[in-house]
Amino acid sequence: MANIRDIARITGYSVSTISRVLNNHPYVTEEKREKVLAVMAELNYVPNRSAQNLSYGKTKNVGVVLPFINHAYYDQMLSGIMQAAFDHRYRVSLLPTNYDQALEKNYLDEFATKTYDGLIVTTKANPIDVFQEYQQYGPIVFCENIPEAPVSCIYYNLENSLREAFHYLKTKGVKHLGITLGRSKNISHNSQVTLRIAKEVFPNFDESNIFWDCCVHTQDGEKAAAFFKQRSVDGILTNGDEVAAVILTEYERNAPLVIGRENLLISKLAGFPSIDHHLTKVGKLAFEAFFHNKQEKICVPHDFIER
């Protein structure tokens, strides 16, 4: 099997010149580049990318920590990450945790062994100080705001978007508010913020009107609709457009005012309002922050879509 020295011997160029061609280095004449590529094709030479990456101290692999896959929220964020990764010729490894702190810690230990060049954390299960211990091994970028720690964050202003949505419901005459939220155990920071803003705008908000452990599955939307019918709510802030759409279809009449999230096609077709956090842009900027190893906090503006 041919190697880089064989290519150098046949072309008459140095090994360093062949290496520059393999790595698309700009300082190689077109004549040399074409000759090297022609010899490589003639010998069916396939470069060992793993060895190349190791020689540069890079794996060309970024790990993305997320609670689970097949979720519209994370799908959009991943779309942005993967677009940017493709542009920079990076592989993306998905690291689902299901909010398991021990599993998330295992991924961090893999990172410490240089399995990944860096991590993009969409949602964390462990406290921020656990992650800070691993920053010595490479860049870690968070897709949520962590103001109390000197870490890189690309995020949207959840408080402002929620406040705008709740005020919209209030101006539309909603008196009995319902909310769908995620995990009921180890309640997330986002859920805590949602509760705080809900009570700020609706001082008499009844927490028993929260439908917990709601993902984006059809069954969750059906269960949520049955729950809210019993509670006689007249307005609902959901944690996803798909859930919002299913809830509305379960009402034959007197449907509550429902707000979704992420401005998916279903919200446009069904005509209900939605919060667009521009998650694809969040993901893309998160990858760029990792790639350029930037220590920065960037807030991506949201849009509230009235319909």
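Is His 302 buried or exposed in this structure?

## The model and the position of His 302

His 302 is buried, with a relative accessible area of 17%, where buried stands for under 20% relative accessible area, exposed for over 50%, and partly exposed for what lies in between, using a 1.4 Å probe and protein chains only. The model is predicted, so that local features need pLDDT of at least 70 and side-chain atom pairs count only at pLDDT 80 or more, while totals for chains, interfaces and linings use all residues. Residues are numbered from 1 along each chain as its sequence is written, and side-chain values use heavy atoms, with hydrogens and water left out.

## Surroundings of His 302

His 302 sits in the loop between strand 11 (297-300) and strand 12 (303-305); helices (H or I, at least four residues) and strands (E, at least two) are DSSP runs, numbered from the N terminus. Leaving aside residues up to four places away in sequence, the residues that His 302 touches include Asn 157, Ser 161, Ile 275 and His 278, where contact means heavy atoms within 4.5 Å.

Glu 164 also touches His 302, and a polar contact of 2.9 Å joins the side chains of these two residues, His 302 and Glu 164. A polar contact is a pair of N or O atoms within 3.5 Å; within protein, one atom must be able to donate a hydrogen and the other to accept it, and residues adjacent in sequence count only if both atoms are side-chain atoms.

## Salt bridges

Side chains of opposite charge can pair when their charged atoms come close. With a salt bridge taken as a side-chain nitrogen of Lys or Arg within 4 Å of a carboxyl oxygen of Asp or Glu, the count comes to 7 salt bridges. One of them joins Asp 109 and Lys 105, at 3.5 Å from N to O, and both residues lie in helix 6 (residues 101-112), 4 residues apart, which is about one turn of the helix. Asp 109 is partly exposed at 33% relative accessibility, and Lys 105 is partly exposed at 29%.

## Links between distant parts of the chain

Asp 206 forms a salt bridge with Arg 231, with the closest N and O atoms 3.3 Å apart. This pair links distant parts of the chain, since Asp 206 is in the loop between helix 9 and strand 7 (210-211), whereas Arg 231 is in helix 10 (residues 218-231), 25 residues apart.

Glu 200 and Arg 163 also form a salt bridge, their closest N and O atoms being 2.7 Å apart.
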